[in-house]
Amino acid sequence: MTFTSMNPHRPADVVATAEETDVGSVDRAVKVAGPAADVWWHQPVAARSAALRGIGDTLRDRLEELAQLTTREIGKPITEARGEVVRAISIFHYYAQMLLGPDGESYPASLPGAWLLVRRFPIGVCGLVTPWNFPVAIPAWKLAPAIAYGNAVLLKPAPPATQTALLLGEIVNAHVPGDLVQVLPGGGPTGEALVGHRGVGAISFTGSAAVGRMVAPAVVSRGGKVQCEMGGQNASLVLADADLDRAVQAISFAAMGYAGQKCTATSRVIVEAPVYDEFRSLLVDAVEAMQVRDPSRDECQVGPLIDEASRDRALRAIAASGGDVLTGGAAMEGDGFYLQPTLVEVRDGEDILAQEEVFAPVTALMRADSADAAVDIANDVRYGLSAAIFTSDLGGTIRLGDRLEAGLVRVNAPTAGVDFHVPFGGLKDSSLGSREQGLAARDFYSETRTIMIAG
Ligand code: NAD
């Protein structure tokens with residue numbers, strides 16, 4: 001069965017037509033990936049390091065091509081698409097070095113004269129199931145550590161980002177042996193076949209909570225290793241002592257940039273009562289000044305939504321909210337799937353816009369009577385990915401920051417924005433299993449064996 005991906009700015013522009021990878025093809029891919037991993041793992045470590053460095057270098061050479069394709073296929077503002085490729089370059093270069101680091105530990109043995117060692121080994125075949133919204137960086141931050149530590153990879157990208165994944169796969173494959181990295185285009189059924197395959201030792205999933213909650217038990221029930229990074233309902237807290245100009249700049253971008261389609265986007269802005277009216281007015285002005293444009297133009301900050309269904313879902317959520325729309329609230333004229341950046345003043349934390357992940361340029365504004373009340377409101381959701389506090393009080397930051405239920409706590413900085421070399425992941429329904437990136441990725445993509453040599 002074939003499927004297509006299309007340009008969300010100009011839907012008549014079909015970007016990819018691909019064949020859905022069926023169960024039999026997934027099985028064949030797994031069977032050839034196993035031996036490829038074995039050969040790869042036994043190559044000299046310097047060769048593996050050089051391959052990763054080479055991938056980073058080729059990404060740098062083809063940066064503009066990959067960024068333009070990303071923008072065309074998923075509607076990401078071009079400046080952000082370029083930034084995403086730059087991040088992927090850094091990720092491959094980082095793991096090219098990381099894999100040369102210590103790969104084990106040595107302990108004193110109980111038996112006199114014996115050696116007691118802990119050594120790392122690859123898992124074998126890893127399945128990566130990825131979302132469409134970061135079609136370069138997310139596959140990169142899974143793929144680079146997976147191959148760095150000696151595994152083969154089967155990448156199942158989200159259908160709207162198929163062509164971008166195929167180009168990334170082509171770039172990677174120019175540097176690694178055949179069958180080591182395979183891209184398997186397809187939707188849910190292809191993902192299910194990969195997730196359920198007993199030959200796939202580990203699954204790293206990023207996507208919605210609804211799908212992640214099905215993926216995790218499917219892997220665990222067959223004895224596989226799994227990590228899931230899922231949705232968010234991220235809060236930005238503006239305290240009475242905050243630098244309001246700085247806060248409004250960071251928050252308007254985190255909420256509306258890339259049409260709110262980041263897992264770390266700000267979905268709720270919680271403002272302490274003494275500065276609430278002033279901040280509301282500043283935020284409305286900033287949101288109305290956001291540049292909603294063709295994403296291929298450098299000045300674009302807010303592009304289209306990924307598809308018609310996503311825009312309809314966002315409009316239904318706005319309609320279901322009991323709040324007052326302060327700005328925006330409607331679809332925009334034209335063929336593309338544009339939605340006006342929308343700020344809604346909600347009455348309470350139970351409002352749909354304060355609870356659900358809308359994944360659109362739609363943000364709830366709420367008042368809190370105190371800084372502690374702001375934290376309570378921020379925590380009163382099922383998600384726990386990212387949270388930001390805007391304040392000038394260091395002592396308060398430490399106390400309140402520790403109370404925030406979020407995997408990323410950011411002070412005087414947007415909720416969106418991730419460093420590639422530190423652990424990344426959320427709490428509560430945002431995450432299942434171990435963290436991604438940095439040293440945490442080494443732990444996920446390898447297994448230790450404890451070896452005693454009695455001599
Ligand atoms: P999605 O859950 O619809 O799809 C994610 C991937 O899962 C896709 O490749 C999809 O084809 C596949 N899939 C669908 N059904 C499957 C099944 N039954 N078995 C196996 N695989 C299946 O998510 P999306 O719309 O592509 O991406 C948006 C979501 O991703 C948002 O919820 C967003 O918050 C989340 N996200 C999270 C992070 C993070 O790191 N926490 C990062 C980016 C996006």
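Keep in mind as you go that the model is predicted.

Start by selecting Lys428, which sits in strand 18, a strand covering residues 427-428. Lys428 is not a glycine, yet its phi is positive, at about 50°. Show the surface here and you will find Lys428 partly exposed, with a relative accessible area of 31%.

Now move along to Gln437, in the loop that runs between strand 19 (431-432) and helix 15 (438-444). Gln437 also has a positive phi, of about 70°, although it is not a glycine. Is Gln437 buried or exposed? Gln437 counts as buried, because its relative accessibility of 1% falls under the 20% cut-off.

**Stop two: aromatic rings**

Next, turn to the rings. The whole structure holds seven aromatic pairs.

Lys225 lies over the face of Phe444, 5.3 Å from the ring centre.

For another group of rings, select Tyr94, Tyr95 and Phe420, which ring pairs link into a cluster.

**Last stop: a lysine over a ring**

Finally, pick Lys76 and Phe134. Here Lys76 lies over the face of Phe134, and the distance to the ring centre is 3.6 Å.

How values were computed: Residues are numbered from 1 along each chain as its sequence is written. This is a predicted model: local features need pLDDT of at least 70, side-chain atom pairs count only at pLDDT 80 or more; totals for chains, interfaces and linings use all residues. Side-chain values use heavy atoms; hydrogens and water are left out. Helices (H or I, at least four residues) and strands (E, at least two) are DSSP runs, numbered from the N terminus. Buried means under 20% relative accessible area, exposed over 50%, partly exposed in between (1.4 Å probe, protein chains only). Rings of Phe, Tyr and Trp (its six-membered ring) pair if their centres lie within 6.5 Å; planes under 30 degrees apart count as stacked, over 60 as edge-to-face and the rest as tilted. A charge sits over a ring if NZ of Lys or CZ of Arg is within 6 Å of the ring centre and within 35 degrees of the ring normal.
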